[in-house]
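Please study the sequence and the model shown below. The paragraphs that follow lead through a few of its strands and residues.

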Amino acid sequence: STSRLTMTKKALLVIVCIVMQVTANSHSYSNAYAHSHFLPPIYPNEDSPLGVAGKNKKGLEVTQQEKISSLYDAVARNSISNYDAASTQLAMAGSAESLSARLRRDLLENYDRGSYPWEYAWNSSSTPGKRGGIPLELGIVFHRVFEVDITTSAVDLVVWVRQRWTDPRLKWDPEEYGGIDKTWFWIGDGGGSAGETSEIWSPDIKLWNQWASLDTSLVDTHAQVTSDGVVYWSRPGHLQPICKFRGLNHFPFDELLCTLELGSWAYSGLYLRPEKFDEGFVIGGSDTAGEAYAEYQLLDVTCEEHL
């Protein structure tokens, strides 16, 4: 049919041969991708441009505006290298806007979350004169098999879905913002250009053979953006595909194979080009991953790119 031909022309990432094995009391998992960002609070001290208790180094009282001006001057001279310290001191000085808030405001000024500058991808194509979509790195961390329903061919997988792309509108010079080299923006309502609560644009990646939409089965989260415009968006939740099972002939000791197809629903490969994030998948991800006393366990995964 016409719709089928249109779909095959789109770029997509296919997670093939997800093998689930009937198991007794077995499980396996690996540690990977555990990360967090904690920064200790830093307060003004005798070496800070504000001095102690609102006094300069000569012990004289300074005005509120003098405090703020002094801090901005120090940041410009790079005498404050830690942006957290600069933000904290600005707040304590009574500033209405921290450096991180100013960065976010500047980046979002005139930013249209409903569109993407496709000419950036076309102009940076590796093949001169030939247009190519923006590379979108896509990967899945398989946490565990939650449920398998043989009668409806439905599978429920607990996962983290990770995406990474470049948005040239979100680039900045860290030296202009006290050394800040990363910030965070909210992506809500399932992402995509239709997300009313989202602050920035995001790809409209869909699970093509779904029985539940990624918009509702994955949690909305903040995306991390670095100063080179690279956006990293990781979301925990569920992948819930409808599968065309293979391996049922060995019931009840099945090794079931299920294929997942993920790709953009609106854009062809001329605009968006899904690629593997590292290997495209990870089995495990934390100490709580894997199955214990479960009917099925995840045995193997392979990943392919179709352009």
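Through how many residues does a hairpin join S6 to S7? The hairpin passes through one residue. This is a predicted model, in which local features need pLDDT of at least 70, side-chain atom pairs count only at pLDDT 80 or more, and totals for chains, interfaces and linings use all residues. Residues are numbered from 1 along each chain as its sequence is written, and side-chain values use heavy atoms, with hydrogens and water left out.

Strands (E, at least two residues) and helices (H or I, at least four) are DSSP runs numbered from the N terminus. Two strands pair if DSSP finds at least two bridges between them. Strand S6 (residues 221-226) runs antiparallel to S7, with two bridges joining them. Strand S3 (residues 154-171) is also antiparallel to S7 (residues 228-239), and here eleven bridges join the two. Tyr 232 in S7 is the bridge partner of Arg 164, and Gln 224 stands opposite Tyr 232 as well.

Arg 164 is also one of the residues that Leu 136 touches (contact means heavy atoms within 4.5 Å). Leu 136 belongs to strand S2 (residues 134-149). Leu 136 counts as buried because its relative accessibility is 0%, where buried means under 20% relative accessible area, exposed over 50% and partly exposed in between (1.4 Å probe, protein chains only).

Asn 209 lies in the loop between strand S5 (205-207) and helix H6 (214-217). Asn 209 is buried because its relative accessible area is 17%. A polar atom of the Asn 209 side chain lies 2.7 Å from the backbone oxygen of Thr 259.

How values were computed: Polar contact = N/O pair within 3.5 Å; in protein donor to acceptor, adjacent residues only side chain to side chain. Lists of a residue's contacts leave out its neighbours within four places in sequence.
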